[in-house]
Amino acid sequence: MKTGPVGVIGTGKAACFVLRGCLAAGVPVAGVWGRRNTVASQLGECWQVRSFATTDSLVDRAALIVIAVRDSAIHEMATRLAVSGRPVLEHPLAGKVFAHLSGLLDDSVLEPLARSGAVCGSLHPLMTLHENSPTTGVHFFAQSRDERFFPAVLPLVEKTGNLMHRLEPSTKTVYHTAATMLCQGISASIEAARMLLKDLDDKLFREAFGPLAAETVAERMRGFDPSTLTGPAVRGDVEVGRRHREAALILPHGRVLADLYDAIGHMLETVRMPVPPSLDRCGRTGKGCPEP
Ligand SMILES: NC(=O)c1ccc[n+]([C@@H]2O[C@H](COP(=O)([O-])OP(=O)(O)OC[C@H]3O[C@@H](n4cnc5c(N)ncnc54)[C@H](OP(=O)(O)O)[C@@H]3O)[C@@H](O)[C@H]2O)c1
């Protein structure tokens, strides 16, 4: 399927990710707009794409417009795009497709554009974006109440070598909470280990603990049997836990390290233990759970 020219609104990490992916895959790019003209021009020069001084000119030349601004600015941007330049037409944006990249917000944040006749939705790349992040093999989670959105964005996703899945609006928040906990939890655990081993050489830390971290993630993602979990928390080894906490507490940021240690232990205990039969759906013990 053909992909119409892609226009990018924003000049940050996500905007660069979209531009990089399109250019690598030969997807036509209309250009880029940023609220700071100089930054947009530099980006345009860097990627050899056009930079636009106004959003209207970008929207005129693009079929699919990716709104890659920070979450708190998406609604303001949608309102601005919907009203500027075309107030006299009833559906001035008919034929245009707009996608924002937020993991948390759903398609309703683009309501002003939908009212102007555009097809709108959210298209979240499940990836931490930086200048070296991969642009292929990324899973995009798409959500929209407009069925036309999915076939409109699928060619871009597939042509750039990525995959797309649909999300219901009701699951967006929990989806993004899970993604955030996964990547921030891994980062926080690595940072905590680094703080505990503050005197260890950086290279040795990477070389020795890197394979442990990578194998733990790989093993966990291959399939998981909670009964195989081990460690002092799941064994109920209070003395080992106490000594670990003490070792953490004397370090800078010791309280944070000890709290994280406890939180990880609680989480693993919870996963390990099946829900006791005496617990009702409300999480209380005993009888008398009211019907929902
Ligand atoms: N970074 C990631 O790992 C990642 C992953 C998946 C999805 N996303 C999503 O991608 C979107 C953009 O995030 P990002 O990481 O690219 O953020 P970013 O690097 O901080 O860039 C944000 C962009 O938004 C612009 N902006 C901020 N406020 C604005 C306003 N009021 N009007 C117009 N433009 C404004 C900024 O312009 P200035 O430079 O002038 O401030 C900048 O171009 C967000 O929805 C985010 O949730 C990000």
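## Basis of the model

Residues are numbered from 1 along each chain as its sequence is written. Because the model is predicted, local features need pLDDT of at least 70 and side-chain atom pairs count only at pLDDT 80 or more, while totals for chains, interfaces and linings use all residues.

## The sheet

Seven strands form an open sheet with mixed pairing, in the order β2-β1-β3-β4-β5-β6-β7. Strands (E, at least two residues) and helices (H or I, at least four) are DSSP runs numbered from the N terminus, and two strands pair if DSSP finds at least two bridges between them. The edges are formed by β2 (29-33) and β7, each of which pairs on one side only. Neighbouring strands of this sheet are turned by 25° against each other on average, direction ignored; the axes are lines fitted to C-alpha atoms, for helices over the stretch in contact, and angles run from 0 to 180 degrees between N-to-C directions.

Strand β4 pairs in the parallel sense with β3 over four bridges, and β4 and β5 are likewise parallel over four bridges. Towards β5, Val-97 stands opposite Val-119 and Ala-99 opposite Gly-121. His-100 in β4 is the bridge partner of Ile-67. Val-97 and Ala-99 point one way from β4, Phe-98 and His-100 point the other way, and all are buried. A residue is buried if 20 or more other C-beta atoms, placed from the backbone, lie within 10 Å of its own, exposed if 12 or fewer, and partly exposed in between.

## Helix α6

Helix α6 (residues 149-159) has Phe-149, Ala-152, Val-153, Leu-156 and Val-157 buried. These residues lie on the same side of α6, because they cover an arc of only 125° around the axis; the arc is that of the directions from the helix axis to the C-beta atoms. An α-helix has 3.6 residues a turn, so residues three or four places apart point the same way.

The cover over the buried residues of α6 includes β1 (6-9), β3 (64-67), β4 (97-100), β5, β6 (139-143) and β7 (163-166). Contact here requires C-beta atoms, placed from the backbone, within 7 Å. Just after α6, Gly-161 takes a positive phi of about 80°.

## The ligand shell

The ligand is surrounded by 24 residues, of which the closest are Gly-12, Ala-14, Val-69, Ala-73 and Leu-129. A residue counts as near if its C-beta atom, placed from the backbone, lies within 6 Å of the molecule. At least two residues of the shell come from each of α1 (13-25), α4 (71-83) and β5 (119-125), and α4 gives the most, with four.

By residue type, the shell divides into ten nonpolar, eight polar and six charged residues. Nonpolar covers Ala, Val, Leu, Ile, Met, Phe, Trp, Tyr, Cys and Pro, charged covers Asp, Glu, Lys and Arg, and the others, Gly among them, count as polar.

## Loop residues

Most residues other than glycine have a negative phi. Gln-48, which is not a glycine, has a positive phi of about 55°. Gln-48 lies in the loop between α2 (37-47) and α3 (55-61) and counts as exposed, with 8 C-beta neighbours inside 10 Å. His-253 also has a positive phi, near 60°. The loop between α10 (238-249) and α11 (254-272) holds His-253, which is partly exposed, with 14 other C-beta atoms within 10 Å.

Asp-199 is placed in the loop between α7 (172-196) and α8 (202-222). Asp-199 is exposed, with 5 other C-beta atoms within 10 Å. The C-alpha atoms of Asp-199 and Phe-98 are separated by 50 Å, and the two residues are 101 residues apart along the chain.

How values were computed: Two residues are in contact if their C-beta atoms, placed from the backbone, lie within 7 Å.
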